[in-house]
Amino acid sequence: MYNRMIPTIVPGAKIVIGLGDSFTQGVGSWPKEVWDRYNGQIDTLKIPLEIFDQMYDNSWVQQLCNNHMTDWTPINLGCLGTGNRSAVKNLYLHPKIKFENASSGVVILMLSGMERFDFVNKDFPEHNHFYTMWPNPWDKNSTNKKLWEAYAESLWSEKFICVETLLNIREAEMFCKAHGFHLIVGSAFDVRITKDYFVKHLGNSHLELINSIPWGSFCQPGGVRSFMEMLLIMEGRPDLVAGGFYDYCHKLKGPTDFVTPCAHPSQNGYAVMASQLHEYIVSKKII
């Protein structure tokens, strides 16, 4: 089910590669008539096949190329529920993608929540190559309950997630350098991903690692810390930035201008994300 045909990169093509979780894949981007058909409620863990491809079609990756960079080919490697570790490693897990054919490339890493951690899925299915967990097991009946608990009790810490995130960004940067591509980093919804936050939780002893991150490649839309923060401000709900936007969204009867009942950007919200990314790309003279 979770498989999307990857476009062929013809020799000389210019490509935009989107990395991330559901905020990159395009979850929530269905038009209003689709939301109405499902009475304003679509289970993101059981997305109907007949509306699956529309996520990609309305994602920020697709809208960036359709509406702004019309001679660039979009490659959406976003995957629902994934963390930053697997988002970056997805660059290596699609052998049919011939990156060497591209004449120019922009990799946009839309960071997920830092607390997510990804293990290679032991069954290694076609699309969800990784198994992702959070430090607080939400499914008490999960068959992997002990693994969730072990992560929460024995692995997770603020220092752990900070180091992981920094290493994920460095890996994406190295991929870009190896291929001569440009890297852009943004945060989908996690407002903690700032240099000050890493300094606070890692201390001066890790400044070399922190300073090695390409902070000049970070897109902060409208000067804020995440794209969801930007959309909540546009929604007129800046009070939800610090928390509570999930509860707010889940009480909605359908999508608003910018967000959806499944706590993702709406179709227009993704259009705004694409516009902000385009502005950033132009400001950096990438195109």
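Visitor: Which elements do the buried residues of α4 pack against?

Guide: This is a predicted model, where local features need pLDDT of at least 70, side-chain atom pairs count only at pLDDT 80 or more, and totals for chains, interfaces and linings use all residues. Residues are numbered from 1 along each chain as its sequence is written, and side-chain values use heavy atoms, leaving out hydrogens and water. Buried means under 20% relative accessible area, exposed over 50%, partly exposed in between (1.4 Å probe, protein chains only). Helices (H or I, at least four residues) and strands (E, at least two) are DSSP runs, numbered from the N terminus. The buried residues of α4 pack against β1, α1 (22-25), β2, β3 and α12 (267-283), contact meaning heavy atoms within 4.5 Å.

Visitor: Which residues of α4 are buried?

Guide: They are Trp60, Val61, Gln63, Leu64 and Cys65.

Visitor: In what order do the four strands of the open sheet lie?

Guide: Strands of a sheet pair through backbone hydrogen bonds, either parallel or antiparallel. Here the order is β2-β1-β3-β6, with parallel pairing; two strands pair if DSSP finds at least two bridges between them. At the edges are β2 (73-76) and β6 (182-187), each pairing on one side only.

Visitor: How many bridges join β3 to β6?

Guide: Six. Leu109 stands opposite Val185 in β6.

Visitor: Why is the pair of Trp134 and Trp148 stacked?

Guide: A pair of aromatic rings is described by the distance of the centres and the angle of the planes. Rings of Phe, Tyr and Trp (its six-membered ring) pair if their centres lie within 6.5 Å; planes under 30 degrees apart count as stacked, over 60 as edge-to-face and the rest as tilted. For Trp134 and Trp148 the centres are 5.7 Å apart and the planes at 25 degrees, so the pair is stacked.
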